[in-house]
Amino acid sequence: VTTSDDGKGIEFECQNGPLECTGNKILSCVVEYFETDLQIKLLTCLMSSPSIQNAIKECGRKTGVPVSAVEECYTSGEGSLILYQNGLRTLKLDPELFFVPTVTVNK
């Protein structure tokens with residue numbers, strides 16, 4: 001992921017294109033707004049969908065997780081800011097990130 005700030009907000013360029021960036025924002029918002037048990041329910045549903053963007057409401061219904069805050073988050077500047085902050089945390093990993101996905105525990 002590379003970023004730029006064009007004065008209108010943070011713009012992301014992801015290795016696999018704009019849909020990957022949108023998905024990353026959505027997942028970041030889920031992690032920001034929900035406790036671990038609800039994160040797992042919602043993320044499992046979202047990641048199994050062919051279109052994460054279109055699956056938010058459906059996954060909310062299936063899991064019983066209220067997703068309106070996630071929808072607001074990822075479509076606003078908040079989602080971009082959270083994703084940017086996640087990127088900064090990734091850059092500070094010790095040992096450094098060498099493979100994706102990477103799992104960290106208690107960081």
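A disulfide, for this talk, is a pair of cysteine sulfur atoms within 2.5 Å. The model is a predicted one, so local features need pLDDT of at least 70 and side-chain atom pairs count only at pLDDT 80 or more, while totals for chains, interfaces and linings use all residues. Residues are numbered from 1 along each chain as its sequence is written, and side-chain values use heavy atoms, with hydrogens and water left out.

I'll start with the cysteines. How many disulfides does the structure hold? There are three. If you number the bonded cysteines of the chain in sequence order, the pairing reads 1-2, 3-6, 4-5.

Take Cys 45 and Cys 59. They are joined by a disulfide, S to S 2.1 Å. This pair links distant parts of the chain, with Cys 45 in helix H2, residues 36–47, and Cys 59 in helix H3, residues 52–63, 14 residues apart. Helices here are DSSP runs (H or I, at least four residues), numbered from the N terminus. Is this disulfide left-handed or right-handed? The torsion about the S-S bond of Cys 45 and Cys 59 is about -80°, so the disulfide is left-handed. Cys 45 is buried at 12% relative accessible area, and Cys 59 is buried at 1%. By buried I mean under 20% relative accessible area, by exposed over 50%, and by partly exposed anything in between, with a 1.4 Å probe and protein chains only.

Next, Cys 29 and Cys 73. Their disulfide has an S to S distance of 2.1 Å. Here too the pair links distant parts of the chain: Cys 29 sits in helix H1, residues 18–33, and Cys 73 in helix H4, residues 68–75, 44 residues apart. The torsion about the S-S bond of Cys 29 and Cys 73 is about -75°, so this disulfide is left-handed. Cys 29 counts as buried at 0% relative accessibility, and Cys 73 counts as buried at 0%.

That leaves Cys 14 and Cys 21, which form a disulfide with sulfur atoms 2.0 Å apart. Why is this disulfide called right-handed? The torsion about the S-S bond of Cys 14 and Cys 21 is about 120°, so it is right-handed. Cys 14 is buried, with a relative accessible area of 7%, and Cys 21 is buried at 5%.

Now the packing. A nonpolar core, as used here, is a set of buried Ala, Val, Leu, Ile, Met, Phe, Trp, Tyr and Cys residues joined through side-chain atoms within 4.5 Å. The largest nonpolar core has 18 residues, of which Ile 26, Leu 42 and Leu 46 touch the most other members. The elements giving two or more residues to this core are H1, H2, H3 and H4. A second, separate core has five residues, including Ile 10, Leu 83 and the cysteines Cys 14 and Cys 21.

Which residues does Leu 46 contact, leaving aside its neighbours within four places in sequence? They are Ile 26, Leu 27, Val 30, Ile 52, Ala 55, Ile 56 and Cys 59. Contact means heavy atoms within 4.5 Å.

Helix H4 deserves a look of its own. Val 70, Cys 73 and Tyr 74 are its buried residues. Seen down the axis of H4, the buried residues fall within an arc of 85°, so they line one face of the helix. That arc is taken over the directions from the helix axis to the C-beta atoms. As background, an α-helix has 3.6 residues a turn, so residues three or four places apart point the same way. On the other side of H4, Ser 68, Glu 72 and Thr 75 are exposed. What covers the buried residues of H4 includes H1, H3 and helix H5, residues 77–91.

Last, the charged pairs. A salt bridge is a side-chain nitrogen of Lys or Arg within 4 Å of a carboxyl oxygen of Asp or Glu, and the structure holds two. Lys 57 forms a salt bridge with Glu 71, the closest N and O atoms being 2.9 Å apart. That pair links distant parts of the chain, Lys 57 in H3 and Glu 71 in H4, 14 residues apart. Glu 71 is partly exposed, at 22% relative accessible area.

In the other bridge, the side chains of Glu 58 and Lys 62 meet at 3.0 Å, N to O. Both residues lie in H3, four residues apart, which is about one turn of the helix. Glu 58 is partly exposed, with a relative accessible area of 36%, and Lys 62 is exposed at 61%.
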